[in-house]
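Welcome to this guided tour! Open your viewer, get ready to select residues, and follow along stop by stop.

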Amino acid sequence: MARLELSPEQFRKLCEQVAEIATDFLSRLDQREIQPRAGAADMVRAFEEAWPREGLGEAAAAKLRNVVELSRWQNGRFFGYVMGSGEPSGAAADLLASVINQNVTSWRSAPAATVIERTVVKWLADAIGCAGFSGSLTGGGSSANLMALAMARESKLAANESGARPGAVYCSAEAHMSIGKSVRLLGIGRKHLRQIAVDSEFRMNLDELLRAVESDERKGIPPIAIVGTAGTVNTGAIDDLERIADIAQRHRVWFHVDGAYGALAAIAAPEKFKGIERADSLSLDPHKWLYQSLDCGCLLFRDSGAARAAFSHSGDYAKSLLQGELESFMFFDESLELSRRFRGLRLWLSMQYHGQDAFRAAIGEDLALAQRLAQKIAGESSLELLAPVPLSAVCFRHKQAPDGVDLNAWNEKLMKRVVQRGRVYLSNATLGGKFALRACVTNHRTTAADVDAVVEEVAAAASQPQA
Ligand SMILES: Cc1ncc(COP(=O)(O)O)c(C=O)c1O
């Protein structure tokens, strides 16, 4: 047998070991602190070792237990960032995807995987009200946003042949950092990113947007793209997509929607996302609010010709020599990536295993749980909400800092204490200069008792003796 080959028995045994560790993790998920107790030095001691000359065999797999123990356990009380909950049926599909190791460059290279990815992309588009859009799965929202803006640039101010020229991109001041990063990477230049002020609900001020577009037009700086956010990372604000679509249409500007956080909530609450179907391109993240394991983002677009204009640049060795729409289809003609893992399989299994109604219900429940948390906070005299809660991110702060302690410093301290206590995990946001404690519910495991624990833990952290 070749040196690296595993016999079927060895492989089965290894999988059983892994399945045992994974099942044990899932069954104890609720029983341990979210953060591992071990610190950085313990982690280094545990993992920074030399590559063994001789193979360890099953003993290497046994070390996986330690990986689990030293990891963060994202149970139903994990409310940090915008984090999906790692739906396990999708994880099981991941194992198979890695075993069959399809390279999803094109139909020629991965026929079944290509059809499956196109199918799940269509399911996602249909489910959020964007029937007719096509696209591909990506590493996440950041790469989807980069690809969308590359398409916008090529469509409005073609640069692939002769290089980038000055043009402007518009987004709200609350847009995700990946928009600014994309503008820099694409040679549009940070100084051409117009970060439009937001209103009291953290939505883009559209009068100001219009003024900025018209001002650039007068100065001869062509507007390239307007990015509307469907769920800002801080507060979940949803820009007025309908009115942005009108402005984009009138001024012939590309309309991209960054829905990495929020767009999948359109499955449960389509009324919040009116106008989303008018986008030229749209990012959404199944690894956030469709509960899938990382990584699984998605870029949808209305016109695959625009994607090909931006990305088609294939070497002869990769070209499909086949005929037919499907047989000649190449993801790399519409994407940044050539070699791509079979991300679609986890979605395909998970979406069928549970069915559309279960996902709709879970997202609806997260929306309701966020409202419950907001109400609890509003009912506590020691707490105050710092933003409306249109989706599932709840930003608030504790109002009663000890004498002489600044409220921002106090809330930062509380956040660290809450995380250290281990029962609840919060992250933070800065809103109008105020340090906010932030709880975001994008987790199919979260219950009413879990969100109630947020208020309990903040109260407990506030009454801890001063260090
Ligand atoms: C609105 C928004 N856009 C983009 C992103 C980036 O997505 P990813 O982390 O998948 O790259 C995020 C991440 O939280 C987000 O909230």
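Which residues come nearest to the ligand? Select Gly140, Gly141, Ser142, His176 and Ala260, which come nearest of the 16 residues around the ligand; a residue counts as near if its C-beta atom, placed from the backbone, lies within 6 Å. This is a predicted model, where local features need pLDDT of at least 70, side-chain atom pairs count only at pLDDT 80 or more, and totals for chains, interfaces and linings use all residues. Residues are numbered from 1 along each chain as its sequence is written.

Next, select helix α7, residues 141-156, which gives the shell around the ligand its largest share, 3 residues. (Helices are DSSP runs of H or I with at least four residues, strands are E runs of at least two, and both are numbered from the N terminus.)

Color Ala150, Met151, Glu154 and Ser155 of α7, then Ala306, Ala307, Ala309 and Ala310 of α12, to see the contact (C-beta atoms, placed from the backbone, within 7 Å).

Last stop: helix α13, residues 344-354, where 8 of the 11 residues are buried, that is, 20 or more other C-beta atoms lie within 10 Å of their own. Its buried residues include Trp348 and Arg346. Just after α13, find glycine 355, with a positive phi of about 85°.

Note on methods:
Two residues are in contact if their C-beta atoms, placed from the backbone, lie within 7 Å. A residue is buried if 20 or more other C-beta atoms lie within 10 Å of its own, exposed if 12 or fewer, and partly exposed in between; C-beta atoms are placed from the backbone.
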